[in-house]
Amino acid sequence: MYTAFKDHLANQLKEIEEAGLFKNERVIISPQGAEIELDTGRKVLNFCSNNYLGLSNNPDLIEAAKRALDDHGYGMSSVRFICGTTDLHKKLEKKIAGFFNTEDTILYAACFDANGGVFEPLLTSEDAIISDALNHASIIDGVRLCKAQRYRYENADMEDLETQLQLAQEQKFRLIVTDGVFSMDGNVAPLKKIVELANLYNAMVMVDESHSAGVVGETGRGVTELYDIMGQVEIITGTLGKAFGGAIGGFTTGRKEIIEFLRQRSRPYLFSNSIPPLVAAAGIKLVDMMTKTNTLQDKLHRNSEYFISRMTSLGFDIKPTKSAICAVMLYDARLSQEFAAKLLDEGIYVIGFYYPVVPKGQARIRVQLSAAHETEHLDKAIGAFGKIGKELGILKK
Amino acid sequence: MSYSNKVKDFYRHQLSEIQNAGIYKEERFIHSSQAADIEVEFPSGASVRKVINMCSNNYLGLSSHPEVLKAAHEGLEKRGYGMSSVRFICGTQDIHRELENRVTEFLGTEDTILFPSCMDANAGVFEAILTSEDIMISDRLVHASIIDGMRLCSAQHDTFKHSNMEHLEEKLQLHADKRIKLVITDGVFSMDGDLAKLDEMVQLCEKYDAMILVDDSHSSGFIGRTGRGTHEYFNAIGKIDIITTTFGKALGGASGGCVSGRKEIVQMCRQRARPYLFSNTISPVIIAGVLKVFDILSSSTERRDKLEINAAWWRKGLTEAGFIIKEGNSPIIPVMLFNAKLSQDFSKDLYNEGIYAIGFFFPVVPNGQARIRTQISAGHETHHLEKALNAFIKVGKKYEILGLTKEQITAKYGM
């Protein structure tokens, strides 16, 4: 029957292409870093990775990974509870709990899976999930797999959250869910206020720190550190795939009973492979490094402030941000693509985002800063943005 | 919270119920590489002891193969540790493409897309290609990840009795009016070790104009004459529209999975599959290891041949000793004990004899179908298998179940 289906899919693919929404992948032939090499032979500056701390190619992490290859092999070929748990996995779980000042941690193949598997075991149709409208796709999928009643509040809108909490009072348990940093805008969730409302309306709080762990807060412990409420949210999810080395792996960290329960019931944990020992070992090394020194976080904070202030004074329209994400607003989808292409010609690698990834009429270039960037990298990017901004008539000449 | 005592007590109570039912999952900590011989700390805090692993998915013994380790070392040096990106932003390296091509070539398909795991491949594939006008008809014993993928898809859903071709045919007739019909099965069923009847399924799909998806996670690398999977075993290479599989079992065991099959389907996944668009790319070091695995598999069938010999020896040994095992053609060989508690006690006694194998019971397998699932590896040598068999016989004698029928065992221990 494939013939008929083939035509059907081919048509859909054509529609995606005609709408200018076809995702083409650029091929990189170097390790991840501030400077990367494309298969075209070009060397470009990368301003669109989640390599916030510049650790994706860090020699100490690589060394730790190599040592684990020698001690613990390459793969575990098992889920955790059969024969896929090593001493390294347990150690990393403890380290992460220590880092976030939580009670216990459970590892997943990715934060996508952590978010996919957290709701269903914990909540039933008697309970309520109250979710920010701009939460990540993986949270949305996790919520879709859970039977709890769903409430949604406008992005970071505390009045709306309060309204939804009032509506959810008849449910048994309530869980407020938010991203720590919203990935497309870079704004930080008003977590202090969320926790206050949670206390007032007897709800639990879950925050996804994927774009904030390592980035936000003086020592990179995320949004709970920024608002001085460490230990006060019930559930934190996060990833080892962005600031924390960027390989793979995610986690849920929080209250002891919740983590213990997830270990018994969370489907992506029970039915998917254990992360390889080398990733666990590099994760342990990473937490040690972050506990010892603040150099990278400090540099990232300096880089972000520098870039955003220069771009603002050039006249770009930047979304208010408190993270390493800087959304340069262009509004028009086609313009965002043209701008990104011209930046690549100037040696700056960024991506233009448009509907449906961001709302219609909200197209933008999302710049992500990294501790791997040196001032000369930042200046080159700012210069290129300025040049093309003028060329395309966005900035005053 | 408002993490009130009410909430805490609620979860505590549920946890103690799990414990009281004897189905609490306790993890054993491994201090060595994955292999036939492993060093285990169990229970937590106990001194580490050497045991023979009889329950991993390390079917080909490649999880700590020196060449794979070497390739991973080189991968770290040449392509770094992590990519810190999804594929379509800045997470695609040349080696990701290379691996996709290698998988396509190995499986005899048209194109391949990588996912962080086969769980994610299965979670993402259905929603990307089907809508409410379509129907998914799945075997009742397919893996949890397929079930979750179907739950996330708006297409209609129906099931057929496990490997029952008459029932499948009825369902295909019943749903003849649907736009797209997709039949879904595991290649090898993970709890029983039996193979899907792919030859008959392909014929039925042709007759009723349906497509077919096979999850070959427990077959890729070793089922079929050259280890291509169940489609090779049944002479159906090129006839399966979608194959999903994992690199987390026989193919090195680290992580990663894929959807491989018709070109347009793979392309559609690249545009629409949520775990592909919204989760990290596989790290270069893992890709480097898997590429080496395919080098090893393409150069010789030695490992899958040894696995086949090992599995046949093990089946014969258990049968002759008087155990009841599930018939099958795979290295998954369940030793049936029927009673849940007996399966746990048996597993503990085996551990004391230096054999690591886990007992499975409801809800992982049907009620009254508790078992020890043994999984054979090309990493096992004759002495491993002999020692394991002796231990099984010793513990079998202790519980006086050798030579007994199912009825006799359940009469003795209950269902």
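Start with Ser255(B), which lies in the loop between β9 (242-246) and β10 (257-261) of chain B. Helices (H or I, at least four residues) and strands (E, at least two) are DSSP runs, numbered from the N terminus. This is a predicted model, in which local features need pLDDT of at least 70 and side-chain atom pairs count only at pLDDT 80 or more, while totals for chains, interfaces and linings use all residues. Residues are numbered from 1 along each chain as its sequence is written, chains are lettered from A and ligands numbered from 1 in the order in which they are written, and side-chain values use heavy atoms, with hydrogens and water left out.

Is Ser255(B) buried or exposed? Ser255(B) has a relative accessible area of 7% and is buried (under 20% relative accessible area; exposed is over 50%, partly exposed in between, with a 1.4 Å probe and protein chains only). Now show its contacts (heavy atoms within 4.5 Å). Leaving out residues up to four places away in sequence, Ser255(B) touches Ile248(A) and Pro276(A) as well as Pro116(B), Phe247(B), Gly248(B) and Ile286(B).

Next, select residues 181-186 of chain B, strand β7, where 6 of 6 residues are buried. In a regular strand the side chains alternate between the two faces of the sheet. On β7(B), Lys181(B), Val183(B) and Thr185(B) take one side and Leu182(B), Ile184(B) and Asp186(B) the other, and both sides are covered.

Which strands pair with β7(B)? Strands count as paired if DSSP finds at least two bridges between them. Strand β5 (residues 135-139) of chain B runs parallel to β7(B) and is joined to it by 4 bridges; here Ile137(B) stands opposite Val183(B). Strand β8 (residues 211-215) of chain B is also parallel to β7(B), over 5 bridges, with Met211(B) opposite Leu182(B).

Move to the open sheet of 4 strands in chain B, ordered β1-β2-β3-β12, with mixed pairing. The edge strands β1 (29-30) and β12 (355-356) of chain B each have a single partner, so one side of each is left without a neighbour in the sheet. Between β2 (residues 37-41) and β3 (residues 49-53) of chain B there are 4 bridges in the antiparallel sense, and Glu39(B) has Lys50(B) as its bridge partner.

Switch to chain A and select residues 333-345, helix α14. Its buried residues are Leu335(A), Ser336(A), Phe339(A), Ala340(A), Leu343(A) and Leu344(A). An α-helix has 3.6 residues a turn, so residues three or four places apart point the same way. Among the elements covering the buried residues of α14(A) are β10 (325-331), β13 (363-368) and α15 (375-391) of chain A.

Finally, zoom out to the whole of chain B, with its 16 helices and 14 strands. Its C-alpha trace spans about 60 × 55 × 55 Å along the principal axes, and buried residues make up 65% of its 415 residues.

Notes
The expected span of a helix is 1.5 Å times one less than its number of residues.
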